[in-house]
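Work through the exercises below with the sequence and the structure open. Each task is followed by a stepwise solution.

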Amino acid sequence: EWTPNAFVETTIAELQAKLGDDKVVLALSGGVDSSVAAILLHKAIGKNLHCIFVDNGLLRKGEYEAVLEQYKHLGLNIKGVDAKERFLSQLAKVKDPELKRKAIGRVFIEVFDDEAHEVQDVKWLAQGTIYPDVIESVSVKGPSATIKSHHNVGGLPDFMKLKVVEPLNTLFKDEVRRVGRSLGLEDFIIGRHPFPGPGLAIRILGEVTAEKVAILQEADAIYIDNLKEAGLYDKVWQAGAIFLPVQSVGVMGDERTYENVICLRAVESVDGMTADWCHLPYNVLAKISNEIINKVKGINRVVYDISSKPPATIEWE
Ligand code: XMP
């Protein structure tokens, strides 16, 4: 019978046997999978695990700092890399969702490759790939798959010539969470909603700018904080705010405004393949809407997405 404790014990022993004194690099995303993979590897090989956490400037408000702090607290050998400008500059004028994903994947690979070169004599690339990623052959999700989809684009970056170690590739998501708990990871990391690798770039429809990112981060933070306050965060599978590229008229005192719209999305799901929109309580929605409109400059209207998947995907891009 499978138990998280037994899995942890045997996996650590296997990793030690396999990796010996070799050095390993791993890209941490802040998500559950890469975090659990990192903690397991850290228990097995300690400082020989070199974690790299890239700030692409497309994370939620304050997330980069909070997550980096958490990882350091856990004792990981981790390097944070501020690549915000690099990502933003490559996104300038890019409107097509798939081109955005490609640009982000490309910059990520460049940044990660640079950082991996800094680790002398590195032998392995660790990834938080889980079983569904392995079987989902045409997946375009996640940093690991983003990397894979670049296999056939010119020469391989050097880190891709490393041997690959994927300690979670036999596990389902709920098992990964159980393993994470038995490793002592806090709910702050274990319980977080899925968040796409391209981050807020695919929640800003059309062109991404620093200004739009800042607006969306504020609105999203108000949304998520209110869900937590209302005890709803853990009941929702995934939630996030979306910046719509439309302007609508509003009034402020005697003035007319012409500003942007924020859409709120919250879904129930098991695996993200299908999803139902959540029937969030009206009073909670009302409070969120008021707060966003009052506090976030540039937004004068908030709407709620009442579409299920299929056909409406969870993300808008
Ligand atoms: P959709 O929008 O396809 O999303 O219904 C299903 C799940 O996948 C996530 N998602 C992504 N994750 N890179 C990722 O790492 C991506 O490009 C990407 N697109 C969608 C989405 O957040 C949801 O959890």
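**Exercise 1. Find how many Å separate the centres of domain 1 and domain 2, and describe the contact by residue count.**

Step 1. The centres, taken over C-alpha atoms, are separated by 29 Å. The model is a predicted one, in which local features need pLDDT of at least 70 and side-chain atom pairs count only at pLDDT 80 or more, while totals for chains, interfaces and linings use all residues. Residue numbers start from 1 along each chain as its sequence is written.

Step 2. Domain 1 covers 4–190 and domain 2 covers 204–304; such bounds come from an automatic or database domain assignment.

Step 3. Domain 1 gives 10 residues to the contact and domain 2 gives 10 residues. Residues are in contact if their C-beta atoms, placed from the backbone, lie within 7 Å.

Step 4. On the side of domain 1 that touches domain 2 there are five nonpolar, one polar and four charged residues. Here Ala, Val, Leu, Ile, Met, Phe, Trp, Tyr, Cys and Pro count as nonpolar, Asp, Glu, Lys and Arg as charged, and the others, Gly among them, as polar.

**Exercise 2. Describe how the axes of H10 and H11 cross.**

Step 1. Helix H10 spans residues 210–229 and helix H11 residues 282–295. Helices are DSSP runs of H or I with at least four residues, numbered from the N terminus.

Step 2. The two axes come within 10 Å and cross at roughly 150 degrees. Axes are lines fitted to C-alpha atoms over the stretch in contact, and angles run from 0 to 180 degrees between N-to-C directions.

Step 3. H10 is therefore roughly antiparallel to H11; angles over 145 degrees count as such, and those of 65 to 115 as roughly perpendicular.

Step 4. From H10, Glu 218, Ala 219, Ile 222, Tyr 223 and Asn 226 make the contact; the H11 residues include Val 284, Ile 288 and Glu 291. By class, this contact has six nonpolar, one polar and four charged residues.

**Exercise 3. Which residues of H8 are buried, and against which helices do they pack?**

Step 1. In H8 (residues 173–182), the buried residues are Val 176, Arg 177, Arg 178, Val 179 and Gly 180. Buried requires 20 or more other C-beta atoms within 10 Å of the residue's own.

Step 2. These residues pack against H1 (4–19), H2 (32–45) and H9 (187–190).

Step 3. The axes of H1 and H8 come within 9 Å and cross at roughly 75 degrees, which means that H1 is roughly perpendicular to H8.

Step 4. Pro 4, Asn 5, Phe 7 and Val 8 of H1 meet Arg 178, Val 179 and Ser 182 of H8.

How values were computed: Helices (H or I, at least four residues) and strands (E, at least two) are DSSP runs, numbered from the N terminus. Angles under 35 degrees count as roughly parallel, over 145 as roughly antiparallel, 65 to 115 as roughly perpendicular and the rest as oblique. Two residues are in contact if their C-beta atoms, placed from the backbone, lie within 7 Å. A residue is buried if 20 or more other C-beta atoms lie within 10 Å of its own, exposed if 12 or fewer, and partly exposed in between; C-beta atoms are placed from the backbone.
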